[in-house]
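Good morning, and thank you for making time for this presentation. I would ask you to keep the sequence and the model on screen while I speak.

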Number of protein chains: 2
Amino acid sequence: MVDLDILKELSRATPSRIVLLVIDGLGGLPHPATGKTELETASTPNLDGLCRWGSCGLVDPVAQGITPGSAPGHMALFGYEPVKFSIGRGVLEALGTGFDLQNGDVAARGNFCTVDDKGVVTDRRAGRLSTARSAELCRLLQGIRIEGAQASVLPLMEHRFAVVFRGKGLAAQLSGSDPQLEGKPPRAIVAQSEASQRTAGLVHQFVSRSAELLAEHHPANMILLRGFSQRPNFPSMGEVFKLRAAAIATYPMYRGLAKLVGMTVLDAGITLQDELATLRKHFKDFDFFFLHVKKADSAGEDGDFERKVRAIEEVDAILPEILALKPEVLMITGDHSTPAAIKSHSWHPVPFLLASQWCRSSTATVFSERECARGELGRFPSVQVLTLALAHGLKLDRFGA
Amino acid sequence: MVDLDILKELSRATPSRIVLLVIDGLGGLPHPATGKTELETASTPNLDGLCRWGSCGLVDPVAQGITPGSAPGHMALFGYEPVKFSIGRGVLEALGTGFDLQNGDVAARGNFCTVDDKGVVTDRRAGRLSTARSAELCRLLQGIRIEGAQASVLPLMEHRFAVVFRGKGLAAQLSGSDPQLEGKPPRAIVAQSEASQRTAGLVHQFVSRSAELLAEHHPANMILLRGFSQRPNFPSMGEVFKLRAAAIATYPMYRGLAKLVGMTVLDAGITLQDELATLRKHFKDFDFFFLHVKKADSAGEDGDFERKVRAIEEVDAILPEILALKPEVLMITGDHSTPAAIKSHSWHPVPFLLASQWCRSSTATVFSERECARGELGRFPSVQVLTLALAHGLKLDRFGA
């Protein structure tokens with residue numbers, strides 16, 4: 001295998017530009033009535049045209065049969081082996097809120113829950129608390145003062161929140177308190193290393209104080225914490241690939257992931273047109289653009305086949321404007337599949353398209369799961385996508401004498 | 001790479017059922033007269049129908065170009081990396097006889113051979129002794145008493161046998177005595193670890209006593225031993241994959257291999273119909289079934305193209321009865337290829353078919369080497385087959401946040 005050390009040695013800065021367009025949750029499954037997937041159903045004249053002169057294939061974000069979370073799905077596309085470059089749940093949730101996570105911060109995922117008068121968890125989700133009510137209770141907990149650290153409580157959807165502890169010498173090797181099953185008390189949060197002993201003490205203070213403050217707020221009268229983690233220290237894309245990389249994404253989580261590999265996060269606005277305007281504005285300033293489009297995934301998660309079809313068609317419609325910028329390499333794929341039929345991320349491989357003047361003659365005539373399965377790039381791990389991009393951008397030296 | 005530790009973390013028990021139908025030696029080579037392989041020649045309407053709504057691909061049991069033995073071929077399909085989870089020759093031969101090998105037993109593969117009056121091996125196979133004569137001589141050796149262990153001598157085909165030593169504190173790091181070439185004396189059996197010293201002594205006793213007993217039985221007047229090994233301690237499929245796994249196989253070796261990964265071995269009878277009846281009878285009791293069909297491999301080994309074609313057609317005929325049980329996931333493949341043209345196992349990749357409600361629209365219209373080579377699953381290592389099965393059975397949690 002070619003690892004980052006080898007790529008670091010082979011890569012060199014050149015003026016050529018690479019655009020990686022990630023259609024989140026792109027891959028799908030056939031609709032029972034038509035036998036066609038979302039992508040096969042969508043009218044995508046521009047994508048189809050592109051794949052007649054580009055190259056197609058299917059990519060596996062983590063491995064055949066493995067359903068990836070958003071973090072491994074993106075790390076792989078950024079060129080980082082997702083099993084090796086893993087990101088903790090707490091860190092990911094904090095990034096998702098747009099919180100400016102610093103090195104040394106300890107982040108955890110939290111749930112409001114219900115406990116009975118013996119302290120036994122009777123509902124791990126506090127009756128699926130409303131998002132608004134959850135945000136109120138987060139503000140209550142935000143007031144907690146603990147010695148030697150500062151706690152930031154960040155509301156998420158429904159009963160979920162994230163908490164970030166900031167202070168000197170914190171460490172994240174801590175077991176979680178979620179018992180996973182109801183009918184049991186919260187587990188003790190235990191330090192799993194010498195270095196985490198003090199942090200465990202701070203977290204205990206926070207949990208005790210939370211319990212006191214929440215006592216009268218049944219059903220949300222307790223919290224559960226898990227996924228304690230710190231911002232990982234990954235080598236940057238600049239360092240490894242010699243890329244000046246920029247991220248254009250409307251959702252905080254994807255901006256956060258991009259930051260972890262040293263991308264410059266651009267102000268992307270809200271709509272696809274905003275993202276496009278950002279790309280246009282900064283096209284001279286960088287040589288790698290990660291352009292993230294969220295809608296197809298959200299529709300897939302909602303089980304809305306038609307909405308996913310339309311989300312794909314919207315991307316197709318802006319393609320000529322990206323092509324007009326004449327990037328030397330344009331890649332279009334997803335971080336994972338999200339079939340409307342499954343209503344969640346899935347393990348199915350993701351269609352992949354690379355267009356550059358250095359492509360072999362294409363075998364595909366339309367951009368679809370089926371044609372990509374027979375594409376000339378074959379089926380390969382997503383982590384190799386960035387190497388392919390560098391190659392087509394003529395940014396890699398020869399390997400070996 | 002996703003290893004067993006990761007799969008252990010992601011897997012969960014669910015009620016969905018997986019059937020793995022192994023057509024031993026499935027893959028073939030074209031007949032010179034027709035240009036069609038055994039599978040392409042066979043009339044397989046049910047397999048063809050299945051691959052139109054399932055997914056196809058080609059699997060490599062060990063690696064591109066490597067011809068697998070039965071053990072690695074099956075270990076891979078059970079989800080165990082065959083290079084890492086290796087099984088000694090002695091153990092495999094003992095399992096093949098149906099011997100109830102215990103932890104701590106030391107097994108070796110034996111040959112009857114001919115030595116001259118200087119002790120030089122003149123025929124490593126004792127004139128390819130008949131199986132019946134070999135069995136008689138095994139009974140003779142079975143009478144040998146050695147101090148501190150008990151030796152079981154198990155007849156195999158022709159000049160071959162297995163011997164199993166049972167006693168306290170035995171170890172298998174012993175070199176073999178087969179000189180591989182004629183014109184040399186048997187090699188000394190040497191302990192390759194401190195722990196094997198005592199076992200070496202016991203084996204020397206056994207070999208000396210065998211030489212005495214066989215002295216008057218020319219050409220089978222000596223034995224050669226090799227492949228000393230002990231039952232490996234593999235994590236069970238229950239432990240790693242949370243599967244209640246059962247094996248249905250008419251040959252002892254495959255039942256033995258299944259036992260090594262903790263499957264429950266069911267009484268399978270003799271015919272394909274017996275195996276099917278076993279599957280039907282126990283279908284509610286397990287959530288993973290390894291169903292092994294031997295005939296295609298035997299025909300391939302015999303170089304009998306037509307018999308292999310018929311063996312495949314017999315499997316095709318029972319397919320509707322398996323489908324009637326409605327397993328959530330049905331996979332059909334082989335442990336390796338056995339082309340009649342080669343008369344032995346080969347390195348050629350093996351056709352693979354997976355049918356489940358979560359398959360993408362298929363690209364294949366018939367089940368054949370050629371169509372599988374263009375199948376939407378691509379070409380992948382057999383060790384990933386089980387991960388795919390778990391995915392389609394919705395038995396794997398998402399990887400990463």
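Into which domains is chain A divided? Domain 1 of chain A covers 4-87 + 233-392, and domain 2 covers 92-229; these bounds come from an automatic or database domain assignment.

A word on conventions. This is a predicted model, in which local features need pLDDT of at least 70 and side-chain atom pairs count only at pLDDT 80 or more, while totals for chains, interfaces and linings use all residues. Residues are numbered from 1 along each chain as its sequence is written, and chains are lettered from A and ligands numbered from 1 in the order in which they are written.

I begin with the two domains. Taken over C-alpha atoms, the centres of domain 1 and domain 2 of chain A are 34 Å apart. Their contact takes six residues from domain 1 of chain A and five residues from domain 2 of chain A, where two residues are in contact if their C-beta atoms, placed from the backbone, lie within 7 Å. On the domain 1 side, helix H9 (residues 252-260) of chain A gives the most, with four residues. Helices (H or I, at least four residues) and strands (E, at least two) are DSSP runs, numbered from the N terminus. By class, that side of domain 1 of chain A has five nonpolar, one polar and no charged residues. Here Ala, Val, Leu, Ile, Met, Phe, Trp, Tyr, Cys and Pro count as nonpolar, Asp, Glu, Lys and Arg as charged, and the others, Gly among them, as polar.

H9(A) also has a helix partner. The axes of helix H5 (residues 89-96) of chain A and H9(A) come within 7 Å, crossing at roughly 120 degrees, which makes H5(A) oblique to H9(A). Axes are lines fitted to C-alpha atoms, for helices over the stretch in contact, and angles run from 0 to 180 degrees between N-to-C directions. Angles under 35 degrees count as roughly parallel, over 145 as roughly antiparallel, 65 to 115 as roughly perpendicular and the rest as oblique. From H5(A), A:Leu92, A:Leu95 and A:Gly96 meet A:Pro252, A:Met253, A:Gly256 and A:Leu257 of H9(A). The residues of this contact divide into five nonpolar, two polar and no charged.

In what order do the eight strands of the open sheet in chain A run? The order is S9-S8-S10-S1-S11-S12-S2-S13, with mixed pairing; two strands pair if DSSP finds at least two bridges between them. Strand S9 (264-265) and strand S13 (379-381) of chain A stand at the edges, each with a single partner strand, so one side of each has no neighbour in the sheet. Within the sheet, strand S2 (residues 55-60) and strand S12 (residues 350-355) of chain A are antiparallel and pair over five bridges. One residue pair to locate is A:Cys56 and its bridge partner in S12(A), A:Leu353.

Two helices of chain A pack on this sheet. Helix H10 (residues 272-281) touches strand S8 (245-248) and strand S10 (288-293), and its direction makes about 175 degrees with that of S10(A). Helix H14 (residues 385-392) touches strand S1 (18-23), S2, strand S11 (329-333) and S12, and its direction makes about 160 degrees with that of S11(A).

Finally, the relation between the chains. Two copies of a chain are related by a rotation about an axis and a shift along it. Chain B is superposed on chain A by a rotation of 124 degrees with 0.1 Å of shift along its axis (RMSD 0.1 Å), which is the relation of a three-fold axis. The superposition is by least squares on the C-alpha atoms of residues with pLDDT of at least 70 in both. In chain B, the C-alpha nearest the axis belongs to B:Arg374, 3.5 Å from it.

How many residues of chain B are in contact with chain A? There are 20 residues of chain B in contact with 32 residues of chain A. Helix H14 (residues 385-392) of chain B supplies the largest share of the chain B side, four residues. That side has 10 nonpolar, six polar and four charged residues. Only 10% of the interface residues of chain B are also interface residues in chain A, so the copies meet through different surfaces.
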